[in-house]
Amino acid sequence: MASITRALRPLSHTFKFNATSRPLRSAYARTAPQIRCLSATVPRREAVDISDVPPTPITHLSETETLMSESISKFANDVILPKAREMDEAEAMDPTVVEQLFEQGLMGIEIPEEYGGSGMNFTSAIIAIEELARVDPSVSVLCDVHNTLCNTAVLKYGSEKLKKEWLPRLATDTVGSFCLSEPVSGSDAFALGTKATRTENGYKINGNKMWITNSVEAKFFIVFANLDPSKKYKGITAFIVEKGTPGFSIAKKEKKLGIKASSTCVINFDDVEIPADNLLGKEFEGYKYAIGLLNEGRIGIAAQMTGLALGAFENAAKYAWNDRKQFGQLIGEFQSMQHQMAQAWVEIQAARALVYNAARKKEAGEDFVTDAAMAKLYSSQVAGKVSSQAIEWMGGMGFVREGLAEKYFRDSKIGAIYEGTSNIQLTTIAKSLQKMYTK
């Protein structure tokens, strides 16, 4: 299968956003020629002046983004779907799936072409995450953490040496992992016990991390450690650690309720020595980096949840309107069922609007922190509700492990927990509101 992103690069280059360019339009857009899509392929991290841009539908995709969505959907259904149940039962990611994610260009979506990446925009990454989650949220989160946290961290804060060394590998064959959480450092993300000390040639790291996604598959780890505990959270610094470094070890692999194919492990650091060049960004800036990266990453998790909700809905809707009959008619023809399904669809689309609005604001260089929090909060709520209802719509076939309905339900629960619990999102939103309405 040819690389999805490679095939779309010519379109990506053709439709750079500027004041005069007009991207290819969908049939809808052609009926309103005065409208330009805000993000045909907005330059990867450059702010965009949108003050004079006529508004477009939030979920309107450019030609490039539409083609990407369709291509990833086909890839996910042809390649990942046949393996989804087997990977869930085995609680392990099929290595060939990871290889094909790289082959399709889905692990370096925002990495510039000069470093071997796809050179596409942030919304393209969100589209990829959502489409993968419609089939298997475990694969989606592997792609999500790699793109929105690890790749972004190197692009934003890495030295040119680190970029040249790691970005080509992250784009083509090396999975990344983001090591922030610890046993007593979850929602209180900066109560870190892992410590770093300076050495003659660089740094030494001691401590352990917990709940680390991609830890089995990854060879590249961004590790947050406190270089000066007297400064409390302001002493936190970010480092790059390569798998295989002496003193680095992966310990317990967690057995989880959902997203079981996604690896989640404890990682230990026992006098792990790294060179000075492996400092990511500046000393004592790690807490700022973590906040910024998690704010962006929350849009990715929100997309994972809307993709999951779509997958659960579509799986159940097809069954209700084509297969399951009660009292002589398809259950999807009963008004009470139709009302439930209609309400679920409205909530899914409302969640998607929040996700895509946050993504577009991020691309435009606007403040998107509150929007990301709202998107993650609501999309995780919708994913849990819809995936639960979908089991009921399917009856016994939804409850057994023969299909994917119960898997979507189990996978949905993590959305309210990782990259900031729902209460953390509510706190972020409330603080924004308080600031807005305090005189």
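Trainee: Why is methionine 436 called exposed?

Mentor: Methionine 436 has 54% relative accessibility. Exposed means over 50% relative accessible area, with a 1.4 Å probe and protein chains only; buried is under 20%, partly exposed in between. So methionine 436 counts as exposed. This is a predicted model: local features need pLDDT of at least 70, side-chain atom pairs pLDDT 80 or more, while totals for chains, interfaces and linings use all residues. Residues are numbered from 1 along each chain as its sequence is written, and side-chain values use heavy atoms, without hydrogens and water.

Trainee: Where does methionine 436 lie?

Mentor: In helix α13, residues 422–437. Helices are DSSP runs of H or I with at least four residues, strands are E runs of at least two, and both are numbered from the N terminus.

Trainee: Which residues form a nonpolar patch on the surface?

Mentor: Leu433, Met436 and Tyr437, with about 370 Å² of accessible area together. Nonpolar side chains are joined within 5 Å, like charges within 9 Å. Areas come from the Shrake-Rupley method with a 1.4 Å probe, and for residues only the protein chains shown count as cover.

Trainee: Why is serine 124 called buried?

Mentor: Its relative accessibility is 0%, so serine 124 counts as buried. Serine 124 sits in helix α5, residues 122–133.

Trainee: What does serine 124 touch?

Mentor: Glu65, Met68 and Ile109, not counting residues up to four places away in sequence. Contact means heavy atoms within 4.5 Å.

Methods
Patch = residues over 30% accessible without salt bridge, like charges linked within 9 Å, V, L, I, M, F, W, Y side chains within 5 Å. Salt bridge = Lys/Arg side-chain N within 4 Å of Asp/Glu carboxyl O.
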